[in-house]
Amino acid sequence: MSEPTIETWTAGQMTEEQFRAGCVLHHAAFPKPGRTIEGVIAKKRPVWMGEAGAGVVPGPLVSATPPVRYVIRGEDGALVANAAILTRTISTEQGELTVSGLLDVATCPSVRGQGLGAKIVQAAWASVDDGTHPLCLFETGEARPFYEKLGARVVDNPIIDSTHPTGSRDNPFEDTWVMIYPARASWPEGEIDLRGPGY
Ligand SMILES: CC(C)(COP(=O)(O)OP(=O)(O)OC[C@H]1O[C@@H](n2cnc3c(N)ncnc32)[C@H](O)[C@@H]1OP(=O)(O)O)[C@@H](O)C(=O)NCCC(=O)NCCS
């Protein structure tokens, strides 16, 4: 396979076709009983098709800059791989840290095992590799070994969201593992305040 082209799509500046293509891949990669493509579209629309011009995306992702999708298309033009990055200023016991956050990592089931997942995640980590952000913070489940191969590690700090509407101190991440990339990044002990919902 020749080297795939990686496109970048910025929230608030995407076409309806691009937005829907991302939703279709998400729906194929994360099948959930009872979930419909219309449900995926409705959930993702505020983040990806909202107003990004002011440099702040309000709503679910609380991102300091608009989230960006990294995507690879297959020969027929359909999306086969994507990963998204947001930025978030979090509080740690050593002060504030503006980190990148990884979400929506998926490859189409028909192309798995061909290296596209690794390529798209490495593209999404460019802002860490070039020093713009000190690290990437994200959650995962079964894909933990996939990320470990790519140089990430699990962290076990208590994590809260101090902006939670009910004051809940539950971990805003829902998946099994919280990870950072790169594994060698300086990372504090103690509580982490995500200052927004999980992603
Ligand atoms: C996880 C996922 C993105 C991997 O995509 P992929 O295109 O198959 O990944 P790659 O082909 O680039 O694999 C890179 C390496 O990771 C390994 N790997 C991939 N998925 C793995 C997994 N679930 N567990 C262990 N290793 C895995 C591959 O074997 C490969 O190893 P190698 O370099 O030694 O050959 C894909 O399986 C997927 O979309 N899963 C469903 C959605 C999901 O779980 N996303 C992650 C949410 S955090």
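The model is predicted: local features need pLDDT of at least 70, side-chain atom pairs count only at pLDDT 80 or more, and totals for chains, interfaces and linings use all residues. Residues are numbered from 1 along each chain as its sequence is written, and side-chain values use heavy atoms, with hydrogens and water left out.

Start with the whole chain. It holds five helices and nine strands. Both are DSSP runs, numbered from the N terminus: helices are H or I with at least four residues, strands are E with at least two. Reading from the N terminus, the order is β-α-α-β-β-β-α-α-β-α-β-β-β-β. The radius of gyration is 16 Å, close to the 16 Å that the globule rule gives for 199 residues, so the chain is as compact as a globular protein of that length. That radius is taken over C-alpha atoms, and the rule is 2.2 Å times the number of residues to the power 0.38. Along the principal axes, the C-alpha atoms fill a box of roughly 50 × 35 × 35 Å.

Now look at cover and contacts. Of the 199 residues, 46% are buried. Buried means under 20% relative accessible area, exposed means over 50%, and partly exposed lies in between (1.4 Å probe, protein chains only). The chain exposes about 10100 Å², and carbon and sulfur atoms supply 52% of that area. Accessible areas come from the Shrake-Rupley method with a 1.4 Å probe; for residues, only the protein chains shown count as cover. A contact means heavy atoms within 4.5 Å. Among contacts with a separation of 6 or more, 68% join residues 24 or more positions apart.

Next come the empty spaces. Rolling a probe the size of a water molecule over the atoms shows where empty space is left. The search uses a 1 Å grid over the protein atoms alone: a cavity is a set of points where a 1.4 Å probe fits but cannot get out, a pocket is an open set with protein on both sides within 12 Å along at least five of seven lines, and lining residues have an atom within 4 Å of a point. Grid points are joined across faces, edges and corners, and a volume is the space filled by probe spheres set on the points.

The largest pocket has about 1600 Å³ of space. It is lined by 45 residues, and the closest to its centre are His26, Phe30, Asp104, Val105 and Asp175. Elements that give two or more residues to this lining include α1 (16–29) and β4 (95–107). By class, the pocket lining has 20 nonpolar, 13 polar and twelve charged residues.

The whole structure has one cavity of 30 Å³ or more. Met14, Gln18, Phe19, Gly22, Cys23, Lys44, Trp48 and Arg69 line the largest cavity. Helix α1 gives the most to this lining, with four residues.

Finally, zoom in on two residues. Thr107 sits in strand β4. It is buried, with a relative accessible area of 13%. Beyond residues up to four places away in sequence, Thr107 touches Leu25, Ala29, Val80, Ala81, Arg112, Leu116 and Gly117.

Ile192 belongs to strand β9 (residues 192–193). Its relative accessibility is 0%, so Ile192 counts as buried. Leaving aside neighbours within four places in sequence, its contacts include Ile90, Asn157 and Trp187. Ile192 and Gln94 lie 98 residues apart in sequence, and their C-alpha atoms are 9.9 Å apart in space.

How values were computed: Nonpolar A, V, L, I, M, F, W, Y, C, P; charged D, E, K, R; others polar.
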